[in-house]
Amino acid sequence: MKNRYFVLIIDGCAPEYLTPDTAPHIFRLAETYGFIKTIKSAIPTVTNVNHACILSGRFPEDTGVTGNYYYNPDTGEEGFVEERGFMKIPTVLHTCRERGLKTAFLTVKGKVLGVYGEDADIGINAQAPDLRQLESLGLAMPPGVSDPACTEWIMSAALACVRQEAPDFVYCTTNDCCFHHYGPETEEARQQIQWIDYYIHEIHKADPHRQIYITADHGMNQKHRLLNVQTIAQNHGIPLFCLAPLKDRYIENHRYQEGGILYLYLNNNSDRERLSALMESIPEIEMILPSEEAARRYHLPGDSIGDYVVFAAKDCAFGEIDGEYLETDSVRTHGSLWEQEIPLAAVFPAMPEEFYHYSKDIVANLRL
């Protein structure tokens, strides 16, 4: 029998969200036919980076994708990563196409389909729906992209796709807007997981032999203190450009573009020692690494992450705020080393549990 696959990325799902209480069907399926465990995402813990890794089975040093935002220090050009051309190696969708396998790619955020969906036979985008496609699958119009009900909609679309189109490979991803605002203990967050749990159960019933993998692109944590590194450095006479890998257009998720990592591009190479000493003196900064060392530790392409990489402490984040610091109780975000732990539930996995350490290992271990 030919293998069929379903890969679900629950955007922003820290392990604490996915529990036997909120997802009894997923836990039963995983414990009966596979496993459930905690694994790691790639660094930085942001959306684009980890979709690239999961879809290719490789680290950023190979994919070339280092964030949701780019900056060219030679030209000064900067912008959002939302279209094709940033991914440097083929995705599993391309491999499937070469082997005559039918694929479906379902996303809430339009940018994910735009960057990675080129080789998909079926592309469903909640942000820009195709009316004829919705009609053929019997789907209603999706809610707004920041509406929590978009999770239920994209999961219902995935079920309809499995039932009616029977793709060999399905890749489906939600939106992390809810988890940016609600912790694991809240009813709003629990509802997200309960919707997912229901539809995974239905997808398994519709195709009982399909391999199912459920993971996240990154985790999520509460932050209490934001800092503006650009302003801090400039106030110390060190001009630089701060690239926030998390930065995207979805400001309902992070109003200050706040995240746990920055790539620092110095205007003057002579400022290296002063910058390093300044960053090391700030308690809200967990670590500063030269780009060469960051590339080695975290499998990043050293030529596109600036001169230094800085990581925020657990309850802190870097943000585009007025002044140097902001105290807050309303920010939940990601990007740092503290959002690297994510869940993985596998049903009929291609390999035993010990072969899965990172989310990229899902595709790396497939036998297409």
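**Reading strands, surfaces and loops**

Trainee: Which residue in S15 stands opposite Asn221?

Mentor: The residue opposite Asn221 is Thr333, which belongs to S15. Before going further, bear in mind that this is a predicted model, in which local features need pLDDT of at least 70 and side-chain atom pairs count only at pLDDT 80 or more, whereas totals for chains, interfaces and linings use all residues. Residues are numbered from 1 along each chain as its sequence is written, and side-chain values use heavy atoms, with hydrogens and water left out.

Trainee: How many bridges join strand S9 to S15, and in which direction do the two run, parallel or antiparallel?

Mentor: Strand S9, residues 221-227, is joined to S15 by six bridges, and the two run antiparallel. They belong to an open sheet of three strands in the order S14-S9-S15, whose pairing is mixed. Its edge strands, S14 (316-318) and S15 (325-333), each pair on one side only, and the twist from one strand to the next averages 40°.

Trainee: Which strands make up the sheet with antiparallel pairing, and in what order?

Mentor: That open sheet has four strands in the order S10-S11-S13-S12. Strand S10 (240-243) and strand S12 (285-290) are the edges, each pairing on one side only, and neighbouring strands are turned by 25° against each other on average, direction ignored. Strand S11 (residues 261-266) and strand S13 (residues 308-312) run antiparallel and are joined by four bridges, and Tyr263 stands opposite Val309 in S13.

Trainee: Which strands does helix H11 lie across, and at what angle does the helix run to S12?

Mentor: For such angles, axes are lines fitted to C-alpha atoms, for helices over the stretch in contact, and the values run from 0 to 180 degrees between N-to-C directions; contact means heavy atoms within 4.5 Å. Helix H11 (residues 272-280) lies across S10, S11, S12 and S13 and runs at about 160° to S12. Helix H12 (residues 291-298) lies across S12 and S13, and runs at about 105° to S12.

Trainee: How many helices and strands has the chain, and why can the chain be called as compact as a globular protein of its length?

Mentor: Helices (H or I, at least four residues) and strands (E, at least two) are DSSP runs numbered from the N terminus, and this chain has 13 helices and 16 strands. The radius of gyration, taken over C-alpha atoms, is judged against a globule rule of 2.2 Å times the number of residues to the power 0.38. The chain's radius of gyration is 20 Å, close to the 21 Å that the rule gives for 368 residues, so the chain is as compact as a globular protein of that length. Its C-alpha atoms fill a box of roughly 65 × 45 × 40 Å along the principal axes. Among contacts between residues at least 6 apart in sequence, 73% join residues at least 24 apart.

Trainee: What share of the residues counts as buried, and is Arg255 buried or exposed?

Mentor: Buried means under 20% relative accessible area and exposed means over 50%, with partly exposed in between (1.4 Å probe, protein chains only). Of the 368 residues, 60% count as buried. Arg255, in the loop between S10 and S11, is exposed, with a relative accessible area of 62%. Arg255 and Tyr69 are 186 residues apart in sequence, yet 16 Å apart in space, C-alpha to C-alpha.

Trainee: How many disulfides does the structure hold?

Mentor: A disulfide is a pair of cysteine sulfur atoms within 2.5 Å, and the structure holds zero of them. For Cys13, the nearest cysteine sulfur is that of Cys178, 11 Å away, and Cys13 counts as buried at 0% relative accessibility. Cys150 is in no disulfide either, with the nearest cysteine sulfur, that of Cys177, 9.7 Å away; at 1% relative accessibility, Cys150 also counts as buried.

Trainee: Which peptide bond is cis, and what is phi of Ala166?

Mentor: The bond from Ile43 to Pro44 is cis, with omega near 0°, and Pro44 sits in the loop between strand S2 (34-40) and helix H2 (47-56). Phi of Ala166 is near 50°, a positive value in a residue other than glycine; this residue is in the loop between helix H7 (150-165) and strand S7 (169-173), and is partly exposed at 44% relative accessible area. Phe348 likewise has a positive phi, near 55°, and lies in the loop between strand S16 (341-347) and helix H13 (361-364), partly exposed with a relative accessible area of 26%.

Conventions. Pairing = 2+ DSSP bridges.
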